[in-house]
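Have the viewer open and follow along.

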Amino acid sequence: MSIKLGPNRYGKAETRLVRVVRDGPVHHVKDLNVSTSLSGDMEAVHLTGDNAAVLPTDTQKNTAYALAKKHGVGQIEEFALLLAGHFVDGQPTVHHARVEIDEYGWTRRGPHSFVRDGGEVRTCVVHRDRDGRSTVVSGLKDLVLMNTTGSEFHGYIVDEYTTLPPTTDRVLATAVAARWRHAGDTPSYGKSYEQVRQCLLDAFADTHSLSLQQTLYAMGERALNTCPEICEIRLAMPNKHHFAVDLSPFGLDNENEVFHAADRPYGLIEGSVLREDAPGAGFAWE
């Protein structure tokens with residue numbers, strides 16, 4: 001039987017990096033979670049334990065800190081591209097770098113005082129290879145949304161195990177995870193992020209939903225129609241079920257006023273929306 005080494009990569013996961021810029025008495029904060037993964041000419045380390053081609057994961061962690069000091073941290077996509085380029089351009093055994101960054105927001109409460117945002121987390125994933133090819137996927141996660149009406153669900157398959165009653169008025173709640181692929185150079189990742197985020201919010205609010213799938217598509221379609229710099233968006237949206245509580249044992253009516261917000265299980269709706277002329281994704285989603 002013939003056995004060989006398959007695809008592989010290694011790196012340093014979840015390096016916590018906080019960069020404080022001191023502009024006189026006014027400070028600015030960037031709070032990141034950085035994960036790096038490298039691949040390339042790595043057969044020997046797997047097959048014989050020869051580490052000559054390996055850049056230690058501790059070095060990858062230190063590089064993130066050092067480049068944050070030397071170059072600062074602006075848009076997370078730009079910092080991820082900087083990191084990825086450093087690894088593939090600086091080490092001949094590294095053929096491909098993947099950098100994933102989560103950014104946590106802080107709201108200013110004074111010149112040097114902040115409160116951690118309770119909202120969504122901004123994300124990005126950058127790939128770069130030694131041939132100079134790169135991809136950028138921006139995104140967000142934990143964007144919690146709810147419509148208290150304007151949502152229906154009926155006309156679905158009914159079999160012997162179906163107990164869910166159809167409804168023409170339900171609560172629709174979700175925690176959006178969205179990732180969008182840039183078609184090429186994006187002049188401002190920050191502006192692009194704000195526009196896509198606003199499209200997701202507006203489409204969720206504006207769509208009279210017959211299914212969460214329909215809402216997902218409307219959100220992706222709105223983002224693509226508004227933002228020409230992106231060519232594909234992928235969304236994962238759990239259905240955060242809200243069930244009306246039966247108050248009849250207490251002699252009380254409940255016309256969609258009091259709900260049990262279920263924790264699990266939950267429906268999970270996932271899908272991608274893309275332009276018909278979208279360029280090939282390459283390694284963007286790996």
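For sorting lining residues by class, Ala, Val, Leu, Ile, Met, Phe, Trp, Tyr, Cys and Pro count as nonpolar, Asp, Glu, Lys and Arg as charged, and the others, Gly among them, as polar. On that basis, the lining of the largest pocket splits into 10 nonpolar, eight polar and three charged residues. Keep in mind that this is a predicted model.

How much space lies in that pocket? It's about 560 Å³. The lining takes in 21 residues, and those closest to the pocket's centre are Leu164, Thr167, Arg170, His241 and Phe243. Helix 5 (212-226), strand 10 (242-244) and strand 12 (267-274) are the elements that each give two or more residues to the lining. Strand 10 makes the largest contribution, with three residues.

Now over to the strands. Is strand 8 mostly covered or mostly open? Mostly covered: strand 8 spans residues 172-182, and nine of its 11 residues are buried. Strand 8 pairs with strand 7 (residues 134-147) and also with strand 9 (residues 230-239). Here's how the two pairings look:

| Pair | Sense | Bridges |
|---|---|---|
| Strand 7 and strand 8 | antiparallel | nine bridges |
| Strand 8 and strand 9 | antiparallel | six bridges |

Notes. Residues are numbered from 1 along each chain as its sequence is written. This is a predicted model: local features need pLDDT of at least 70, side-chain atom pairs count only at pLDDT 80 or more; totals for chains, interfaces and linings use all residues. Side-chain values use heavy atoms; hydrogens and water are left out. On a 1 Å grid over the protein atoms alone, a cavity is a set of points where a 1.4 Å probe fits but cannot get out, and a pocket is an open set with protein on both sides within 12 Å along at least five of seven lines; lining residues have an atom within 4 Å of a point. Grid points are joined across faces, edges and corners, and a volume is the space filled by probe spheres set on the points. Helices (H or I, at least four residues) and strands (E, at least two) are DSSP runs, numbered from the N terminus. Buried means under 20% relative accessible area, exposed over 50%, partly exposed in between (1.4 Å probe, protein chains only). Two strands pair if DSSP finds at least two bridges between them.
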